[in-house]
Amino acid sequence: MGPVRCNFEFRFPQLLPVLLLLGGCGSLWRPGAPPKAPQLSDGPSQAPIAVGSSFVADAVAKVGPAVVRIDIKKEVANPIGGIFGMGPPLQEQQGLGSGFITRSDGLLLTNAHVVEGAGSVAITLPDGRSFPGKVLGADPLTDVAVVKVAAQGLPVAPLGNSANVRPGEWAIAIGNPLGLDNTVTLGIVSATARTDALGGGQRVAYIQTDAAVNPGNSGGPLINDRGQVIGINTAIRQAPGAGLSFAIPINKAKVVAQQILEAGRASHPYLGVKLQAITPQLAREVNATGNNCKLPERNAVVVVDVVQGSPAAQGGLRSCDLILKVANQPVKSPSDVQVAVEGGQVGRELMITVERQGKTQAFKLRPMELPRGQG
């Protein structure tokens, strides 16, 4: 080992041999110098994030130019109109929502509730251009609407495949919440196939996300981290300290929109049964009444009533039947049954598997078109 060199003047030479034995000049204590702080981590430092590498910004750049603001005006009943001559019977009401362009010649998707009853529709792009819009059709049952503007060469939002969406993936919402145009929020896909998200009568297996969505976001796109639309934001459920939002899967929206373009309305298969979810407790209560319907004490879906002349009646379903499967797909709730039936087609055979008096039976039904005004 070579000699230790100390490049400073040492005032106590008689202590130098001892200090050198303790560690050389690196361990010399210098009056006034603070002791070296203990090291918390010796992990390698990470390279700084390159400017412009945000996947969120990149995804929004692909879709954002095609996200539009929708302003509507409609006439509604004046609550005090005609009372003692206090005003006209009708008054103008304004509404705001979002949408996104799917075709460069001005075709766009939004929610049915955004354009419901609209007398006039105005579409405004992020670049400031504005066009009058025409509602080609709207389906209240799935909350999908198709609007057209007279324009060419418009930016288009790429459509993804919602069948590939998984919980835990990134979810980005773009829209005009609370009148704040071109707002972007980020979250994750919290769940998929939420058939019971918004109560009964729904035929959509929603995508659930925790991305912040507010009034005005309705009709805007929910996109993935690759800049593809995976859903249409449609509803929110709020609770103290938190909120959940739900989107119509884009695959379902595409089917409905295509039907509107081809026929002017969406098609929905109809069986004609009234259903009820049962639990062990409810089954015990029903059985205790002496009802002819003896229910097994477990969670299931029971047929409460069958509409006379309906496909269900013609196919042989009865009250008290427990529905186990629709098209070989297991079902656990009335909403599950509705969504599964929705996956069928009017006039095409649909297999329904039921449990009747403890025995499993299968029936082939041919759904008819859902009567107007029914869910």
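Buried denotes a relative accessible area under 20%, exposed one over 50%, and partly exposed a value in between (1.4 Å probe, protein chains only). The structure is a predicted model, in which local features need pLDDT of at least 70 and side-chain atom pairs count only at pLDDT 80 or more, while totals for chains, interfaces and linings use all residues. Residues are numbered from 1 along each chain as its sequence is written, and side-chain values use heavy atoms, with hydrogens and water left out.

**Exercise 1. State the confidence of the model and locate stretches where pLDDT is below 50.**

Solution. Step one: pLDDT is the predictor's confidence in each residue, from 0 to 100. The protein chain has an average pLDDT of 83, and 79% of the residues score at least 70. Step two: residues 1–13 have pLDDT below 50, and the model gives this stretch 11 contacts (heavy atoms within 4.5 Å) beyond near neighbours in sequence. Step three: pLDDT also stays under 50 over residues 15–29, with 16 contacts beyond four places in sequence.

**Exercise 2. Describe the largest nonpolar core and the contacts of Leu 108.**

Solution. Step one: a nonpolar core is a set of buried Ala, Val, Leu, Ile, Met, Phe, Trp, Tyr and Cys residues joined through side-chain atoms within 4.5 Å. Step two: the largest core has 45 residues, of which Ile 70, Leu 108 and Ile 123 touch the most other members. Step three: setting aside neighbours within four places in sequence, Leu 108 has contacts that include Val 68, Ile 70, Phe 100, Ile 123 and Val 147. Step four: another core lies apart from the largest one and has 18 residues, among them Val 326, Ala 340, Phe 363 and Leu 365.

**Exercise 3. Classify the two aromatic pairs.**

Solution. Step one: rings of Phe, Tyr and Trp (its six-membered ring) pair if their centres lie within 6.5 Å; planes under 30 degrees apart count as stacked, over 60 as edge-to-face and the rest as tilted. Phe 55 belongs to helix α2 (residues 55–63) and Trp 170 to strand β7 (residues 170–175), so the pair ties together parts 115 residues apart in sequence. Step three: for Tyr 206 and Phe 246 the ring centres are 6.4 Å apart and the planes stand at 70°, so this pair is edge-to-face. Tyr 206 is in strand β9 (residues 206–209) and Phe 246 in strand β12 (residues 242–249), 40 residues apart. Step four: Tyr 206 is buried at 2% relative accessibility, and Phe 246 is buried at 3%.

Conventions
Helices (H or I, at least four residues) and strands (E, at least two) are DSSP runs, numbered from the N terminus.
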